[in-house]
Amino acid sequence: MHIAYWIVAGLLALFYFYAGTLKVIRSRDRLRPMMAWVDRISLPALRALGAVEILGAAGLVLPPLTGIAPSLAPAAAIGFVLLQAGAIAVHLTGEDRQITLNIGLTATAAVTVWLATSL
């Protein structure tokens, strides 16, 4: 179970660290080709979302790695499930109705929650 957790959580953390970093450092114009919804929220909210994704990625990896507050790992994974539920709602209410990636991320985060509870 530990190896499965590290594979799934590691991939999820890499994805969210990358996506969060892009949201924090790139301009709207550079994000728009990848994320059609960026014009629907304010720039500070976009930057905050990126910061939350980076912190969540750290929450998946650091607590189990260090042994300090390991209960934060499933909490971070639950946070990603909730984040993707909101992302699906944003995509469905806008013109961009592509939610395949969001469904995959939701499922991956849910598996991570399950694996994290068995650590």
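Contact here means heavy atoms within 4.5 Å. With that in hand, start at one residue of this predicted model. L12 touches L60, F80, L105, T108, A109 and T112, leaving aside residues up to four places away in sequence.

Where does L12 belong? The largest nonpolar core has 16 residues, and L12 is among those with the most contacts inside it. Y5, Y16, L60 and F80 are the others named for the most contacts. Helix 1 (2–25), helix 3 (43–66), helix 4 and helix 5 each supply at least two of its residues.

Now turn to the helices themselves. Two packed helices are described by the angle between their axes and the distance between the axes. Take helix 4 (residues 72–93) and helix 5 (residues 100–117). Their axes come within 8 Å and cross at roughly 165°. Angles over 145 degrees count as roughly antiparallel, so helix 4 is roughly antiparallel to helix 5. The crossing of helix 4 past helix 5 is left-handed. On the helix 4 side, the contact is made by A73, P74, A77, I78, F80, V81, Q84, A87, I88 and H91. Helix 5 brings N102, I103, L105, T106, A109, A110, T112, V113, A116 and T117. By class, this contact of helix 4 with helix 5 has 14 nonpolar and six polar residues, and no charged ones.

Helix 5 also packs against helix 1. Here the angle is about 140°, and the axes are 9 Å apart. Helix 1 and helix 5 are therefore oblique to each other. Helix 1, too, passes helix 5 in a left-handed crossing. From helix 1 come A4, Y5, V8, A9, L12, F15 and Y16. From helix 5 come L101, L105, T108, A109, V111, T112, L115 and A116. The classes in this contact of helix 1 with helix 5 are 13 nonpolar, two polar and no charged residues.

T112 sits in helix 5. It is listed in the contact with helix 4 and in the contact with helix 1. Is T112 buried or exposed? Buried means under 20% relative accessible area. T112 has 0% relative accessibility, so it counts as buried. Which residues does T112 touch, not counting those up to four places away in sequence? They are Y5, V8, A9, L12, L60 and A77.

Note on methods. Residues are numbered from 1 along each chain as its sequence is written. This is a predicted model: local features need pLDDT of at least 70, side-chain atom pairs count only at pLDDT 80 or more; totals for chains, interfaces and linings use all residues. Side-chain values use heavy atoms; hydrogens and water are left out. Axes are lines fitted to C-alpha atoms, for helices over the stretch in contact, and angles run from 0 to 180 degrees between N-to-C directions. Helices (H or I, at least four residues) and strands (E, at least two) are DSSP runs, numbered from the N terminus. Angles under 35 degrees count as roughly parallel, over 145 as roughly antiparallel, 65 to 115 as roughly perpendicular and the rest as oblique. A crossing is left-handed if the near helix is turned anticlockwise from the far one by less than a right angle, and right-handed if clockwise. Ala, Val, Leu, Ile, Met, Phe, Trp, Tyr, Cys and Pro count as nonpolar, Asp, Glu, Lys and Arg as charged, and the others, Gly among them, as polar. A nonpolar core is a set of buried Ala, Val, Leu, Ile, Met, Phe, Trp, Tyr and Cys residues joined through side-chain atoms within 4.5 Å. Buried means under 20% relative accessible area, exposed over 50%, partly exposed in between (1.4 Å probe, protein chains only).
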